Amino acid sequence: MHEKNKKNGIIGSTFLTFLCIFWIMPVFIVLWNSFKNKNSINLQPFQLPSNETFVGWENYGAAIGKYGLLQSVGWTVFITVFSVAAILLFCSMCGWFITRVKTWWTKMIYVLCLFSMVVPFQMVMYTLSLVANMLQLTNPFGIIIVYLGFGAGLAIFMFTGFVRSIPIEIEEAAMIDGCTPLQTFFRIVVPIMKPTYISVGILETMWIWNDFLLPYLVLDLKKYKTISIVIQYMKGSYGSVDMGAIMAALILALIPVVIFYLSCQKYIIKGVAAGAVKG
Amino acid sequence: MSTLELKHICKIYPNNEKKGHHKHNNLKTTDEGVLAVDDFNLEIKDKEFIVLVGPSGCGKSTTLRMVAGLEEITKGELYIDNKLMNDIEPKDRDIAMVFQSYALYPHMTVRQNMEFPLKLRKMPKEEIKKKVDEAAEILGITEYLDRKPKALSGGQRQRVAIGRAIVREPKVLLMDEPLSNLDAKLRNQMRAEIIKLRSRIDTTFIYVTHDQTEAMTLGDRIVIMKDGVVQQIGTPQQVYDTPVNLFVAGFIGVPMMNFFDGELIKDGMKYYVELNGVKIELSPEKEAKMAAKGVEAQKVTIGVRPEHMELTQREGQMIQATVDVSEMMGSHINVHIRVQEKEGVMIVDTQGNSNRNFRMGETIQFTFEPAVIHVFDAEGKNLEVKKEL
């Protein structure tokens, strides 16, 4: 029996190792291609850089210098951080409120939020870009409001679900102990909701960081570009494609997400486990 | 000094509102909605221990929550220390509450949990530490101060919850079924500790429970409620000795009081009860009370506590009963009997009866002292009690 388990373990590990390599391969291909010259990227994309094809940091220089990647990284970070912060703050408050205050209009808000998750983005995108123009939301500050609106559905759904699982007695105890409603929220409810903040934060960060269509439609592209827009621009509209710069830009765009993931890994796994096994 | 006064307190839930845990079946409904608490009147003296007791859905928790300020008072007035409290926020009422589910803050350690109400009151740090250490000492939780609630057992959690309530030295300490989540053994132990605790802290207690043992052992006075209406208010001895109606009589006492169908016979100034063909004269005291009330002969329900029944062979007093089941309890035997199709229980001391076997279907003879029985009219009211409370 023991023997058999061991054998199965080895087979499983080998299989999973190959699966991992297969999974991560595209990233590595992009990584080594970012150090090769244009021609060899096009002709031999799977070959490792050799003496002839290796170009050092040249592609990175081009991506940063010629295409203004750094600036777009800045804007992307700005938009992502503040949009996610706004979503977390306002949606958690809203989720708490509509769970604890039960009137017909809080129910309406909840139903509307759920409804907004059902409507596909493509259906509203043209009216959205028109409205955004009218309201002059075509800058990185304005787009935060647009993201808040689009992110609210999922976030409020998740927050209400979690608040329902918090026994109301805890909040009542806080009220008797001397908390105002705001103190109850920030000192009691927020710490208890930490796992949900992390899950929602991760989901919304991944979405906003990688989003292409929404900023493409809303932002004034002459002034502000996010990373995904810059990479799109690198393809050029006149047929010339700077593959080297694209590869470098992709790697640079990947780094913050990877760092973000690695630092939150503990919580991601915790969040999943917390949802699965009620302790 | 802190006294409480509840004057004509009512709680009405609008009909359309769904209340999860309240069953409205037996509650009175008015045009405004469902009466969860109906005209509750009580004066609580300083440092008194009041127990609200009744079956679930009787309005006892709702009453407590109205005192706490967690539920709005629909009608009536609540005074704490002669100050009207109806519209005062819970945090400004100077009360503390212990919940059935403990309601500890899960993200804080035991110490932080107990410090929390004091911190909100901006008390100096040294004083907070002193008070928390003191309370922890009283409750025997000093060694757990740095643990999170989830690392504690149910009994320890309940101690922390009590600790958090007493550090503030509130005017009134409210407890909402604090022992219901504990197992039987721990519950007995904690009950004893609450009695001890009471002698160490000077405050007024209001304690809600559905357990009559807790009510009897803890309360200075007991308030028995049913379907939102107060049935009787009195000391444990009073409600045990003179229950005002069938409900109170059945609710207080374990095993439950037996009720048999009988007849009240009046002969001049003398009153008799007839049960299963046996005529027993009531005690002079009861006769005097009934005569003063002008009680007439009628069909009645006779209430006798199991512990007041005894086996007898005395001529003229032997009431026939059939044995259903007997339960050997060690110190005594619970004999389940049947008298004229009414079921009942009697307690037979094992001393002197250790070899006695009660077989199913066997006929036995029992009697009771006339001084300890209760006579209820067709409406369920005790005939010797002057008027309803």
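Analyst: A quick term to start: a residue is buried if 20 or more other C-beta atoms lie within 10 Å of its own, exposed if 12 or fewer, and partly exposed in between, with C-beta atoms placed from the backbone. This is a predicted model, where local features need pLDDT of at least 70, side-chain atom pairs count only at pLDDT 80 or more, and totals for chains, interfaces and linings use all residues. Residues are numbered from 1 along each chain as its sequence is written, while chains are lettered from A and ligands numbered from 1 in the order in which they are written.

User: What percentage of the residues in chain B are buried?
Analyst: Chain B has 389 residues, and its C-alpha atoms fill a box of roughly 75 × 55 × 40 Å along the principal axes. The buried share of chain B is 40%.

User: Which residues touch the most other members of the largest nonpolar core?
Analyst: A nonpolar core is a set of buried Ala, Val, Leu, Ile, Met, Phe, Trp, Tyr and Cys residues joined through C-beta atoms within 7 Å. The largest one holds 140 residues. Touching the most other members are B:Met97 and B:Leu174.

User: Which helix gives this core its largest share?
Analyst: Helices are DSSP runs (H or I, at least four residues), numbered from the N terminus. The largest share is twelve residues, and it comes from chain A, residues 140-165. That is helix H7.

User: Which residues of chain A is B:Met97 in contact with, leaving aside neighbours within four places in sequence?
Analyst: Contact means that two C-beta atoms, placed from the backbone, lie within 7 Å. On chain B, the partners include B:Ala68 and B:Leu174. From chain A come A:Ala173 and A:Ile176.

Notes. Helix = DSSP H or I, 4+ residues; strand = E, 2+ residues; numbered from the N terminus.
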